[in-house]
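The following exercises are to be worked through with the sequence and the model in view. Each task is followed by a solution in steps.

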Amino acid sequence: MAKVIVDHENCEAPECGECVDVCPMEILVLDGDQIKIQHPEECNECEVCMDVCPEECIEIN
Ligand code: SF4
Ligand code: SF4
């Protein structure tokens, strides 16, 4: 199972939200002013979220 990790220190949510828009599995969601990870077991490891994140604060492993 993929592990989805967001570095909240460097994340620009809620102003950014790029990862929320691109994740095809709706794993990255905005919860208040922070990115929340939901049902990470459905992550297909496409890494699109990593590609679009301007702060390089998402890690998939
Ligand atoms: S790797 Fe793909 S499926 Fe997994 S959280 Fe990122 S965008 Fe979503
Ligand atoms: S793309 Fe990166 S900076 Fe933007 S909300 Fe997602 S994790 Fe935060």
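**Exercise 1.** Identify which residues come nearest to ligand 1, and describe the shell by class.

*Solution.* Step 3: the shell divides into 12 nonpolar, one polar and two charged residues. Here Ala, Val, Leu, Ile, Met, Phe, Trp, Tyr, Cys and Pro count as nonpolar, Asp, Glu, Lys and Arg as charged, and the others, Gly among them, as polar.

This is a predicted model, in which local features need pLDDT of at least 70 and side-chain atom pairs count only at pLDDT 80 or more, while totals for chains, interfaces and linings use all residues. Residues are numbered from 1 along each chain as its sequence is written, chains are lettered from A, and ligands are numbered from 1 in the order in which they are written.

**Exercise 2.** Carry out the analysis of Exercise 1 for ligand 2.

*Solution.* Step 1: 15 residues surround ligand 2, and C11, C16, E18, C19 and C53 are the closest. Step 2: by class, this shell holds 11 nonpolar, one polar and three charged residues.

**Exercise 3.** Determine the order of helices and strands, and describe how strand 2 meets strand 3.

*Solution.* Step 1: the protein chain contains two helices and four strands, which are DSSP runs numbered from the N terminus (helices H or I, at least four residues; strands E, at least two). Step 2: along the sequence they follow the pattern β-α-β-β-α-β. Step 3: strand 2 (residues 28–31) and strand 3 (residues 34–37) run antiparallel and are joined by four bridges; two strands pair if DSSP finds at least two bridges between them. Step 4: D31 has Q34 as its bridge partner in strand 3. Step 5: two residues lie between the strands of this hairpin, where G32 takes a positive phi near 70 degrees.

**Exercise 4.** Is E26 buried or exposed?

*Solution.* Step 1: E26 is found in the loop between helix 1 (18–22) and strand 2. Step 2: a residue is buried if 20 or more other C-beta atoms, placed from the backbone, lie within 10 Å of its own, exposed if 12 or fewer, and partly exposed in between. Step 3: E26 counts as exposed because it has 10 C-beta neighbours inside 10 Å. Step 4: for the protein chain, 21% of the 61 residues count as buried.

Definitions and conventions: Near = placed C-beta within 6 Å.
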